[in-house]
Structure formats: C-alpha cells, structure tokens
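I would like to walk slowly through one model, so please have a look at it on the screen before I start describing its parts.

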Amino acid sequence: GVLVHQAQTVLGGYALQSLLLAGFVAIGVALLGGGAAAAVALFEFPGRRTFEWALLLPMAMPAYVLAYAYTDFLQFSGPLQTSLRSMTGLEGSLWPDVRSLPGAVVLFVLCLYPYVYLLVRTALAERGVQMMEAARLLGAGLWRRVGAVALPLSRPALVAGVALALMETL
C-alpha cells in the first residue's frame, strides 16, 4: 500500500529530479573535468605542475562530507553570507538556496569532476601530446587539433569518468 501511494503522489517528481540531477551533473563533470585535463595534459603554462595535483584535492574527502561542508558554508546562516551581509549592509539571502537542484548540481560537479579529470588526463598524457604535435606539424590549427585528435583520444576516458560520477550522484 505504501509503494502504491508513493507511486501515485511523489515518485514521478523524485524520478524527474533524479534524472535532471544526473543529466546536469554529467554535463558539468564532463566540461569541468575534461577541460581541466586537456589544459593540464596538452598545454604548458605557468602553474601547470601545481594544477596537476591541486585539481585532485576534492578526491581527498568523500563527496557527502564536502556537500555538508559546502552547504554549511554557503547557506543563509553560514559564515560566508553572514560576513558579506555585515560588511556590505545588505539584507536577505545573497544567492539562491544551496539546498535546491541547481545547488546540488554545483556541489556534485565540484566534488565529482576529479573522476573525469584523472581518467582524461591519463589518456591524453599517454599519447595526446605526441599526436597533437604531429597534427601541428602537419598544419592543423589549435581547434582542429583539439577536435580531431584530443577529443577522440579522450572520449572513452571521458565516458568512464562521467559514469563513475553518475554512480556517485545516484
């Protein structure tokens, strides 16, 4: 009887929210993790060595612990909004509630992108640099090299990382 009642009242909404959460988290971790991995693995820039390990720091804590910490820090009564309100004299909430679908998406993306980052960085570091250099020597521009060389090389790792992130999300 309880399951029938839930199916008639809240199950559809819960399923829709879960699908939306999974879809937005998949897009977010793919963009953030894949983009960071491509930047670190394929390009040389100041601070690259620091970013290589710093981008892995969210893996040092379980996602649920980070979610509690972020939620406590960013909520209306948290230290950040309280300090900003006292410094600026503003009243009310300074941004949307973190206990909403967009807030959950942001928190999950920031906690789970290292799955994608680590797998894509490894895939690109193995052969990506040499193949990108060969494409450059053959006259391909930057966007052509990224689209025709780096993206196909990283696609299996990207899918695997997104799958791991979705497993954690659901």
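Let me begin with a term: helices are DSSP runs of H or I with at least four residues, strands are runs of E with at least two, and both are numbered from the N terminus. What you see is a predicted model, in which local features need pLDDT of at least 70 and side-chain atom pairs count only at pLDDT 80 or more, while totals for chains, interfaces and linings use all residues. Residues are numbered from 1 along each chain as its sequence is written, and side-chain values use heavy atoms, with hydrogens and water left out.

I start with helix α7, which covers residues 142-169 and is where S154 is found.

Is S154 buried or exposed? S154 is buried, because its relative accessible area is 7%, and buried means under 20%, exposed over 50% and partly exposed in between, using a 1.4 Å probe and protein chains only. Leaving aside residues up to four places away in sequence, S154 touches V120 and L124, contact meaning heavy atoms within 4.5 Å. The buried residues of α7, among them R145, V149 and L158, pack against α2 and against α6, which is residues 101-137.

Helix α6 has a kink too, of about 55° and centred on G128. Its end C-alpha atoms span only 46 Å, whereas a straight helix of 37 residues would span 54 Å at 1.5 Å a residue. Just after α6, G139 takes a positive phi of about 100°.

Let me turn to charged side chains. The structure holds four salt bridges, each defined as a side-chain nitrogen of Lys or Arg within 4 Å of a carboxyl oxygen of Asp or Glu. E44, R48, R49 and E52 are linked in a network of them. R48 pairs with E44 at 3.2 Å between the closest N and O atoms, and also with E52 at 3.7 Å, N to O. R48 and E52 are four residues apart in helix α3, residues 48-54, so about one helical turn separates them. E52 in turn bridges to R49, with the closest N and O atoms 3.4 Å apart.

Finally, on the surface, L16, L20, F24, I27 and L31 form a nonpolar patch with about 490 Å² of accessible area together. Patches are made of residues with over 30% relative accessible area and no salt bridge, like charges being joined within 9 Å and nonpolar side chains (Val, Leu, Ile, Met, Phe, Trp, Tyr) within 5 Å; accessible areas come from the Shrake-Rupley method with a 1.4 Å probe, and for residues only the protein chains shown count as cover. L16 lies in helix α2, residues 11-42, and counts as partly exposed because its relative accessibility is 48%.

Methods. Expected span 1.5 Å × (residues − 1). Bend = angle between axes of the 7 residues up to and from the residue.
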